[in-house]
Amino acid sequence: MNYAYFPGCKIPYHLPAYGKSVKNVCAALDIGLTDIEFSCCGWPLRHRSFEASMYAAARNLALAERENLPIMTPCKCCFGNLKHAQERLARDQRLYDLVATKLAEEGLQPAKNVQVRHLLTVLDKDVGIKRLGQLVVHPLTDLTVACHYGCHALRPSTVTGFDDPFAPTLFERIIQALGASTVDWDLRLECCGYPLRGRDDVVSTALMRKKLENVRASKAQIMATACTYCQMQFEQERDKLPPDDPLHTAPKAVLFTQLMEKALRLA
């Protein structure tokens, strides 16, 4: 199992703990990661220039294909945009030609067959839920977890192919393999609100508030995330609220790879 590691822009600078825990977990599970000098996935550009967004994604796909490696990313937004680029370039000849012309300036060409996977899928398909459970050293039996899926891996399912967009189970199965219990909560599939951050902070915070109130009502002890942006919303943006805001008492957001580190006794 060898992958071109795609951390995205945010992890190295805004969420380095995620990158550290991802590499620790992958090393322990014999998932090989190759560092390539990738650029932005293009997701932040999507509303300013769709063509630029697709070119950025296509360039990264081309770099991975040149190394003959599939891509693994722990970021749902990066995963979603790379998958969207693959789908759109396959059916939009005008866009394909535009991107191909730009890539040719670097001696690259559009990728023909690069697999893109989120880390959750790698754990499910390459490692396997059964083997993961067998590797657990410190079962998280006293922990009740609310899994937060994030939008960009689930929808549209015809593009991402991640899991059932209406009733996914992948995240819960991985957390349960660590020995923890999971809860079914109403808003587990809804947007965290971060995509609106910087454009409409009022709505972004309102979405975050609604989700945190819902997860608190679920009686979960923590919320597990598997997306850079979701974790930043529920951790860093929540920390900016006034000290007396009741959201501070809602379950803490924890990166799922940090739960894996604990269960595998890596940290």
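Predicted model: local features only at pLDDT ≥ 70, side-chain atom pairs only at ≥ 80, totals over all residues.
**Salt bridges and burial**

User: What makes Asp245 and Arg209 a salt bridge?
Analyst: Their closest N and O atoms are 2.9 Å apart. The rule asks for a nitrogen within 4 Å of a carboxyl oxygen, so the pair qualifies. The two link distant parts of the chain: Arg209 is in helix 10, while Asp245 is in the loop between helix 11 and strand 8, 36 residues apart. Asp245 itself is at 11% relative accessibility and therefore counts as buried.

User: Which residues do shared partners join into one network?
Analyst: Salt bridges that share partners connect Asp124, Lys125 and Arg173.

User: How do you know that Glu106 and Arg59 form a salt bridge?
Analyst: The closest N and O atoms are 2.8 Å apart, and the cut-off is 4 Å. Glu106 lies in the loop between helix 5 and strand 4 and Arg59 in helix 3, so the pair ties together parts 47 residues apart in sequence.

User: What makes the Arg94 and Glu51 pair a link between distant parts of the chain?
Analyst: This salt bridge, with closest N and O atoms 3.3 Å apart, joins Arg94 in helix 5 to Glu51 in helix 3, 43 residues apart.

User: How many salt bridges does the rule give?
Analyst: The count comes to 14.

Methods
Residues numbered from 1 in each chain as written. Heavy atoms only, no water. Salt bridge = Lys/Arg side-chain N within 4 Å of Asp/Glu carboxyl O. Helix = DSSP H or I, 4+ residues; strand = E, 2+ residues; numbered from the N terminus. Buried < 20%, exposed > 50% of the residue type's maximum accessible area, 1.4 Å probe, protein only.
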